[in-house]
Structures are given as C-alpha cells and as structure tokens.
Amino acid sequence: MKKQEVQITTIIGNGAECNGDFNAEGSIRVDGTIQGNVTVSGTLIVGVSGYINGDVNASVVIVGGEINGNVNAPDKMELTSTARMIGDIVTTTIVIDERAVFQGNCNMNQDVSGKKPRPDSRALK
C-alpha cells in the first residue's frame with residue numbers, strides 16, 4: 001500500500017514558540033513549542049524537536065518529538081522511535097515504534113458489540 005502524501009499548510013519552525021491555544025485548517029508540522037491546546041482539521045506532525053504541552057485534536061497525529069497532554073486522533077496515531085507521549089490517546093489505529101515512550105491509557109474507540117464470542121477452550125484441542 002502506497003503512503004498518501006500529506007500537504008503541509010502551516011509550519012511552526014524550530015525555535016518558534018506559541019503560547020496559547022492553536023487552531024489550524026489543513027495539516028501542520030510543529031518543530032517548535034506550543035504551550036496550549038492544538039486543534040487541526042488534518043494531519044499533525046510533531047518533529048523531533050517539536051514539543052506540545054496541551055491536549056491535541058487532529059485526524060492523524062504523527063509524533064517524533066514530545067506531547068504532554070491527551071490526544072484525540074480519530075483516524076490514526078503514530079509514535080516514532082524518538083517520540084515521547086505522556087497522556088491518554090483515543091484513536092482507531094495506533095502504531096508505536098520501538099524505543100518510543102508512551103505513558104498513559106489508550107482507547108482504540110472501536111465498537112466491540114459485534115465481537116464474536118470466544119470459543120470454548122476445550123474445543124481448541
């Protein structure tokens with residue numbers, strides 16, 4: 001399966017700091033610091049030097065840096081090997097690379113009502 005290209009519409013560069021809540025349409029990349037909640041309509045990419053201290057809402061979240069707060073990513077959450085995530089995650093798909101740090105709870109937010117019952121263990125001989 002070919003990865004879909006993400007068109008970045010906003011960049012917060014290394015050394016830049018945003019104090020307060022941040023909202024953006026489209027997809028953004030954060031290589032600087034945001035001290036506040038982040039709401040993005042598309043994909044949020046937190047680069048290796050990126051840091052967010054607040055809650056995050058975005059369709060897809062890819063973390064290479066650090067997030068200290070809760071994340072709501074309905075489509076996908078990815079923690080790369082350099083990621084540090086302290087907080088709870090709500091998503092349908094999660095990818096956590098080796099060496100990534102994740103401290104919190106993860107809710108996969110999937111409907112479990114249609115789950116098939118487990119077969120009787122005696123039937124698995």
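**View 1. An open sheet of six strands runs in the order S2-S5-S8-S11-S14-S17, with parallel pairing.** Its edge strands are S2 (17–19) and S17 (101–103), each of which pairs on one side only. From one strand to the next the twist averages 5°, with axes taken as lines fitted to C-alpha atoms and angles running from 0 to 180 degrees between N-to-C directions. Strands are DSSP runs (E, at least two residues), numbered from the N terminus, and two of them pair if DSSP finds at least two bridges between them. The model is predicted: local features need pLDDT of at least 70, side-chain atom pairs count only at pLDDT 80 or more, and totals for chains, interfaces and linings use all residues. Residues are numbered from 1 along each chain as its sequence is written, and side-chain values use heavy atoms, with hydrogens and water left out.

**View 2. Strands S11 (residues 66–68) and S14 (residues 84–86) pair in the parallel sense.** Three bridges join S11 and S14. Glu 66 stands opposite Arg 84 in S14.

View 3. S15 (residues 89–91) and S18 pair in the parallel sense over two bridges, and Ile 89 stands opposite Cys 106 in S18.

**View 4. Thr 80 sits in the loop between strand S13 (76–79) and S14.** Thr 80 counts as buried because its relative accessibility is 19%; buried means under 20% relative accessible area, exposed over 50%, and partly exposed in between (1.4 Å probe, protein chains only). Not counting residues up to four places away in sequence, Thr 80 touches Ile 62, Val 63, Gly 64, Asp 97 and Ala 100, where contact means heavy atoms within 4.5 Å.

**View 5. Ala 100 lies in the loop between strand S16 (94–96) and S17.** Leaving aside neighbours within four places in sequence, Ala 100 is in contact with Leu 79, Thr 80, Ser 81 and Ala 83. The C-alpha atoms of Ala 100 and Thr 82 are separated by 5.7 Å, although these residues are 18 residues apart along the chain.

**View 6. Val 6 lies in the segment before strand S1 (8–12).** With 35% relative accessibility, Val 6 counts as partly exposed.

Definitions and conventions
Helices (H or I, at least four residues) and strands (E, at least two) are DSSP runs, numbered from the N terminus.
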